[in-house]
There are 2 protein chains.
Amino acid sequence: MMLPLAITMGDLNGVGPEILARAFARPGFAREIAPVVLGCPQAYAHARALCSDAPPAVLVNSAAEAVAALDRGLPFLADTFRAPERRPGVLDADAGRAAMHWLARAVDLAVAGEVAGVVTCPINKEGIHLAGHTSRGHTDFIAQRTGAPAYRMSLVVRDLLVIHISDHVSLRAALDEVRCDRIVESIRLADETLRRLGRPKRRIAVAGLNPHAGEAGAFGSEERDEIAPAVALCRAEGIECSGPHSPDAIFRQAIAGGYDAVIAMYHDQGHIPMKLAGLDDGVNITLGIPIVRTSVDHGTAYDIAGTGAAREQSLMAACRLAARLGRTKARAR
Amino acid sequence: MMLPLAITMGDLNGVGPEILARAFARPGFAREIAPVVLGCPQAYAHARALCSDAPPAVLVNSAAEAVAALDRGLPFLADTFRAPERRPGVLDADAGRAAMHWLARAVDLAVAGEVAGVVTCPINKEGIHLAGHTSRGHTDFIAQRTGAPAYRMSLVVRDLLVIHISDHVSLRAALDEVRCDRIVESIRLADETLRRLGRPKRRIAVAGLNPHAGEAGAFGSEERDEIAPAVALCRAEGIECSGPHSPDAIFRQAIAGGYDAVIAMYHDQGHIPMKLAGLDDGVNITLGIPIVRTSVDHGTAYDIAGTGAAREQSLMAACRLAARLGRTKARAR
């Protein structure tokens, strides 16, 4: 039996309801993905008014009923939780509370093995803080709920996987995270993820930290002391990795197809080139947690919410990636 | 009278002689630029064998004679210095010594007002160190020779200017350079440079340092303490600048035409996106020095030197930019 994929609506005042409507208006996409949405059917109906081809919401009582319900529309998991009315572009604590409620349910379903994975639409961090949540965002919350503090944020744009040694910390704090052990973990995660994606080649490039990768120690010692030893250790384990490479050259080479994954030494080292290269189809994956979780690569976009201008490409790419990862994971059980 | 532009050959064992031959083989380019080459005519003749349309070298005794000599070929300034024979791809102290000799002459001609500016072909840093030079490279040497220690490296890709707060230092050291005074200097330099380039709009974006520009102080305080005050100060001076902007979004917006210049907080913040965006036509400019100086955006490329595979686009873009800057400078005198 095909396990469905849980998709959370995120902040219902953002573009989440609209990108759901647009994605599942695409012929065949619901069958391909087998979604079960955690979100508000009324907010979805509001967004569907902007997208006449979208299927109607249909309530199901469990994830197991979702696949059979696809004939009738887009399955939403029934819920006693009362979400507020949708007001596009409005920052609202109740919308933040709803988003986190759906996220928690989706994560629990994945942990219980009732769904193949979780795909998240964007939340508003201010909104969830107003609702009394203290986590920095989705990923933090999921890592805490699944007891996986050593997670890694990564980005996928088309065929390239980029894993970051650290994420939402100051650049100064990020420098202290550039340690051999964290780099080794990241290289291993990259190799394992490429394997799960069924990729025949797993060529992993490790970026340097300093300009020109430190130019042989002329500026900065992290390449010699932390990065090169991590690469050597992983090569000895049989992983096809290389580096440290010059940061201002390696992303261009990787995007051109020269590598399958890049290990980035800090958030912006990977995000700057990937946001430039990935026009609409970038996806976030959280690695190192016990469930499959992907996410769109954009925010709530309050400025265009309710106008129908939001694009569904990133959500579709996030669903496809989660489905691929979820299926391999199911086979491995 | 049109002042010529001094072009240095750089390391004669690199691609310098070849990109000179290829650029000036283009019909009309020599007339447009009015070059006078500081380099070895024999090495040029060697490279010209790979590019049959290139004009022959013609010796001139002073920069002032160069324009009149264009009818007969590509003007080289006569020199008693003996350069070694060209051996493509070979690291050679004598080639390094020759490159620095030509650079020094070109800089002196520019300081004396005999040329409109200096365009440099790539040198090999190891080669110049073998030759006993201690400067970190071209730019360092030029800054010392012209007594301008507060220079800034910047990159131009098509219409976008990116100025870096610091350049070839470790990322850890670069963090200490993110100071209000340096940012203010850089914003002023960007405004002045766009003015000299004759640009009607001068919209300057200042990048943040931390992920998402620190997300309102959640990770990192440099945005609040150093960057925002610099932007406020320059706005009060009437400069059209904004920021701090999120580093992973601003380059995409700027490259799409939303800004005319970006102030980057460290080398790779600007280099990673510009190398990705600028395929063959990126140019370096050194700002804050008393002469016009541009440079190709690539190295000696020993691996392809002597094969004719090197591309001339970056050299042509560097010459055109120097000519534009040089002409405005000449008018301002």
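At what angle do helix α11 (residues 247–258) of chain A and helix α12 (residues 267–277) of chain B pack, and how far apart are their axes? They pack at an angle of about 30°, with the axes 8 Å apart. Axes here are lines fitted to C-alpha atoms, for helices over the stretch in contact, and angles run from 0 to 180 degrees between N-to-C directions. Helices (H or I, at least four residues) and strands (E, at least two) are DSSP runs, numbered from the N terminus.

This is a predicted model, in which local features need pLDDT of at least 70, side-chain atom pairs count only at pLDDT 80 or more, and totals for chains, interfaces and linings use all residues. Residues are numbered from 1 along each chain as its sequence is written, chains are lettered from A and ligands numbered from 1 in the order in which they are written, and side-chain values use heavy atoms, with hydrogens and water left out.

**Two helix pairs**

α11(A) and α12(B) are therefore roughly parallel to each other. Angles under 35 degrees count as roughly parallel, over 145 as roughly antiparallel, 65 to 115 as roughly perpendicular and the rest as oblique. The crossing of α11(A) and α12(B) is right-handed; a crossing is left-handed if the near helix is turned anticlockwise from the far one by less than a right angle, and right-handed if clockwise. Residues of α11(A) in contact (heavy atoms within 4.5 Å) with α12(B) include Phe251(A) and Ile255(A), and their partners in α12(B) include His271(B) and Leu276(B). By class, this contact of α11(A) with α12(B) has 5 nonpolar, 2 polar and 4 charged residues. Ala, Val, Leu, Ile, Met, Phe, Trp, Tyr, Cys and Pro count as nonpolar, Asp, Glu, Lys and Arg as charged, and the others, Gly among them, as polar.

Within chain A, the axes of helix α5 (residues 93–111) and helix α7 (residues 138–145) come within 11 Å and cross at roughly 45°. α5(A) and α7(A) are therefore oblique to each other, and their crossing is right-handed. The contact of α5(A) with α7(A) has 6 nonpolar, 1 polar and 2 charged residues.

**Domains and a buried helix**

Chain A is divided into domain 1 (1–148 + 290–333) and domain 2 (150–288), with bounds from an automatic or database domain assignment. The C-alpha centres of these domains of chain A lie 29 Å apart, and 23 residues of domain 1 of chain A are in contact with 19 residues of domain 2 of chain A.

In helix α12 (residues 267–277) of chain A, 11 of the 11 residues are buried, so α12(A) is largely enclosed by the rest of the structure. Buried means under 20% relative accessible area, exposed over 50%, partly exposed in between (1.4 Å probe, protein chains only).

**Loop residues**

| Residue | Relative accessible area | Class |
|---|---|---|
| Pro84(B) | 18% | buried |
| Leu209(B) | 1% | buried |
| His212(A) | 25% | partly exposed |
| Ala301(A) | 26% | partly exposed |

Pro84(B) is found in the loop between β4 (74–77) and α5 (93–111) of chain B. Leu209(B) lies in the loop between β8 (204–207) and α10 (222–236) of chain B, and its contacts beyond four places in sequence include Leu171(A) and Asp268(A).

His212(A) has a positive phi, near 50°, in a residue other than glycine. Ala301(A), not a glycine either, has a positive phi of about 50°.

**Cis peptide bonds**

Gly243(A) and Pro244(A) are joined by a cis peptide bond, with omega about 0°. A cis peptide bond also joins Gly243(B) and Pro244(B), with omega about 0°.
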